[in-house]
Amino acid sequence: MSFAPQVRIPATYMRGGTSKGVFFRLQDLPEACQVPGEARDKLLLRVIGSPDPYEKQIDGLGNATSSTSKSVILAAPTQPDHDVDYLFGQVSIDKPFVDWSGNCGNLTAAVGAFAINGGFVAKERIPENGICTVRIWQANIRKTIVAHVPITNGEVQETGDFELDGVTFPAAEVQIEFMDPADGEGAMFPTGNLVDELEVPGVGTLSATMINAGIPTIFINAEDIGYKGTELQNDINSDPKALAMFETIRAHGAVKMGLISDIAEAASRQHTPKVAFVAKPSDYVSSSGKQINAADIDVLVRALSMGKLHHAMMGTAAVAIATASAIPGTLVNLAAGGGDRTHVTFGHPSGTLRVGAEAKEVNGQWTATKAIMSRSARIIMEGWVRVPGDSF
């Protein structure tokens, strides 16, 4: 019996914000994988090491968490006045599918650097020293993102003293602007309400703010489900009943938001929507042992990604938090003290994060013009990734 040899594909392994992923240029992929479809999905699954019934991804580059089971494909821009197209695939750990329904805000911080290093940004637009503005077209959600990447001696500056809770070592700061972050295909609040009563069988009727900004997100009050908002990963992820409850909330919220027509569809759409719970500020100790004081934050937020509590905060969910906090009357805004605000500092399991947003009401409809946050990114490894030639 003969077996197909391994093939090697140019790839870069990068950290962006509090996530890691495998980055590809579209033109470097095998021809069958240069278009959306089964071949591409199978390739990315094999690269990451999925589906893995052991949930460890030992035979791939994934690290068995939603934050590290990610893939990115960059291509020449399809939109005018942009430098690059950015396509994100969230790879399931234990199931054979790649979710293309949303963006990864954390990895966006690495897209600008990869676009510069990958030749997508014109040389005349890269300063010898200073900031390179990379105009990114986020192909999953069809939105513009602008990354401000520091440049030293004509090359991307990755090292620095910017510290990001959830990331062990400091690096260079990358500011990211999410332009018009609300869902362009529908209302920012798909139900038309800032707060809804969401009926969840087996859980009850919960107050919920359901927003499409950055990524579709369902916000609920921590106290309504028996939490304080200071929980760390193990408090939630070690409790199967809690995880099942959150998935039930997510499924019913997805139907209410019009993202799916039946709760059964939620199982194959794990990346969106997200579920997050909020609470008023309180002292707590982060996962690294850092003391977080109530006086230093505006609101507590915990969010789930791919069925588990996130170790920090997804970048796209941070956009949703920023946007919701800027709109008086949402659960996020109320937990943060209410009123008008253009920025919020929230506490998450790994520490704190400050984000900003601009929102306005026009003819009774809320719209967001911009959300801003700082992240960092760096190349961890570059070269080729190898996969069996018959795996795609």
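**Legends to close-up views of a predicted model**

**View 1. A salt bridge in the predicted model.** D165 and K290 form a salt bridge, in which the closest N and O atoms are 3.3 Å apart. The structure shown here and in the views below is a predicted model.

View 2. The domain assignment divides the protein into domain 1 (4-180 + 375-386) and domain 2 (194-348). A distance of 25 Å separates the C-alpha centres of domain 1 and domain 2. At the interface, 21 residues of domain 1 are in contact with 20 residues of domain 2. The size of an interface is often expressed as the accessible area that is lost when the parts come together. Between them, domain 1 and domain 2 bury about 1,500 Å², and 52% of this area is on carbon and sulfur atoms. The rule finds one salt bridge across the interface of domain 1 and domain 2.

**View 3. The largest pocket.** The volume of the largest pocket is about 580 Å³. Its lining consists of 23 residues, and those nearest the centre of the pocket are I93, S305, M306, G307 and K308. At least two lining residues are supplied by each of α3 (233-237), α4 and β17 (308-309). Sorted by class, the lining of the largest pocket comprises seven nonpolar, 11 polar and five charged residues. Why is the largest pocket said to lie between domain 1 and domain 2? The largest pocket lies between them because domain 1 and domain 2 both give residues to its lining.

**View 4. The largest cavity.** The structure contains five cavities of 30 Å³ or more, and the largest cavity has a volume of about 80 Å³. Among the residues that line the largest cavity are L243, F246, E247, R250, P273 and M306. Both α4 (240-256) and β16 (299-305) supply at least two residues of this lining. Which element provides the largest share of the lining of the largest cavity? That share, four residues, comes from α4. By class, the lining of the largest cavity holds six nonpolar, three polar and two charged residues.

**View 5. The second largest cavity.** The second largest cavity has a volume of about 70 Å³. It is lined by 16 residues, of which K70, C104, H271, S305 and M314 are the closest to its centre. Two or more residues of this lining come from each of α2 (105-117) and α5 (315-325). The lining of the second largest cavity is made up of two nonpolar, 12 polar and two charged residues. Domain 1 and domain 2 both contribute to the lining of the second largest cavity, and therefore this cavity lies between them.

**View 6. Backbone geometry at three loop sites.** Most peptide bonds are trans, and most residues other than glycine have a negative phi. The peptide bond that joins S50 and P51 is cis, with an omega of about -5 degrees. P51 is located in the loop between α1 (38-48) and β3 (70-75). A cis peptide bond also leads from T272 to P273, where omega is near -5 degrees. P273 belongs to the loop between α4 and β13 (274-279), and this residue is one of those that line the largest cavity. Is the phi of D180 positive or negative? Phi of D180 is positive, near 45 degrees, in a residue other than glycine. The loop that contains D180 runs between β9 (174-179) and β10 (196-200).

Terms used:
Residues are numbered from 1 along each chain as its sequence is written. This is a predicted model: local features need pLDDT of at least 70, side-chain atom pairs count only at pLDDT 80 or more; totals for chains, interfaces and linings use all residues. Side-chain values use heavy atoms; hydrogens and water are left out. On a 1 Å grid over the protein atoms alone, a cavity is a set of points where a 1.4 Å probe fits but cannot get out, and a pocket is an open set with protein on both sides within 12 Å along at least five of seven lines; lining residues have an atom within 4 Å of a point. Grid points are joined across faces, edges and corners, and a volume is the space filled by probe spheres set on the points. Ala, Val, Leu, Ile, Met, Phe, Trp, Tyr, Cys and Pro count as nonpolar, Asp, Glu, Lys and Arg as charged, and the others, Gly among them, as polar. Domain bounds come from an automatic or database domain assignment. Contact means heavy atoms within 4.5 Å. Buried area is the accessible area (1.4 Å probe) that two parts lose on being put together, summed over both. A salt bridge is a side-chain nitrogen of Lys or Arg within 4 Å of a carboxyl oxygen of Asp or Glu.
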